[in-house]
Amino acid sequence: VTLKLVDSATGPGTALRDALWLTGSTPNQAALLWHDGSIGWTPNVAYRWQLHHRPNIGTIRFYLYRGTNLVMDSGNIYNDALKGGRLGLYRFSQEEIIWSNVKYTCEDGVPQAMFDDLPQNLKDQVLNTTGISTRG
């Protein structure tokens, strides 16, 4: 699993395709935010994922589940450049993939695990900002 911030100077084409294929960052195409290659995909197994992004505090957190078992937790990823935009899913080598029940919601609350791992200055910001509160 790789999370990237895509800001392509060329748009769709071979340069962007190559940047998405490579694990690292590619200038003028995509910046690597996080990568975990610890597991491979198992055929015919349902995976579920959650991506929490809180632009106000520049924090992202990703979870991957196999069934009900958590198999990946990115921990807090700090990037205050991303204030909004589009979320895209891209796959290369996984054949016959099915995406289902994909949904996007906007929430102000900061999940407890994300909050617990914040540095103190961001915890203070969360607690002192109107409309933002922790939740379980």
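**Close-up views of a predicted model**

**View 1. The hairpin of strands 3 and 4 in the predicted model.** Strand 3 and strand 4 form a hairpin in which four residues lie between them. Within the turn, G58 adopts a positive phi of about 60°. Strand 3 (residues 47-54) pairs with strand 4 in the antiparallel sense, over eight bridges. Opposite I60 in strand 4 stands H53.

View 2. Two polar contacts of the R61 side chain are shown: one with the side chain of D73 at 2.8 Å, and one with the side chain of Y63 at 3.2 Å. Beyond its neighbours within four places in sequence, R61 is in contact with Q50, L51 and H52, with D73, S74, G75 and N76, and with A113, M114 and D117.

**View 3. N28, a residue with positive phi in a loop.** Most residues other than glycine have a negative phi. N28 is not a glycine, yet its phi is positive, at about 65°. The loop that holds N28 runs between helix 1 (14-21) and strand 2 (30-35). With a relative accessible area of 58%, N28 is exposed.

**View 4. N44, a residue with positive phi in the loop between strand 2 and strand 3.** N44, a residue other than glycine, has a positive phi near 60°. The loop containing N44 lies between strand 2 and strand 3. N44 counts as exposed because its relative accessibility is 84%, over the 50% limit.

Definitions and conventions
Residues numbered from 1 in each chain as written. Predicted model: local features only at pLDDT ≥ 70, side-chain atom pairs only at ≥ 80, totals over all residues. Heavy atoms only, no water. Polar contact = N/O pair within 3.5 Å; in protein donor to acceptor, adjacent residues only side chain to side chain. Contact = heavy atoms within 4.5 Å. Pairing = 2+ DSSP bridges. Helix = DSSP H or I, 4+ residues; strand = E, 2+ residues; numbered from the N terminus. Buried < 20%, exposed > 50% of the residue type's maximum accessible area, 1.4 Å probe, protein only.
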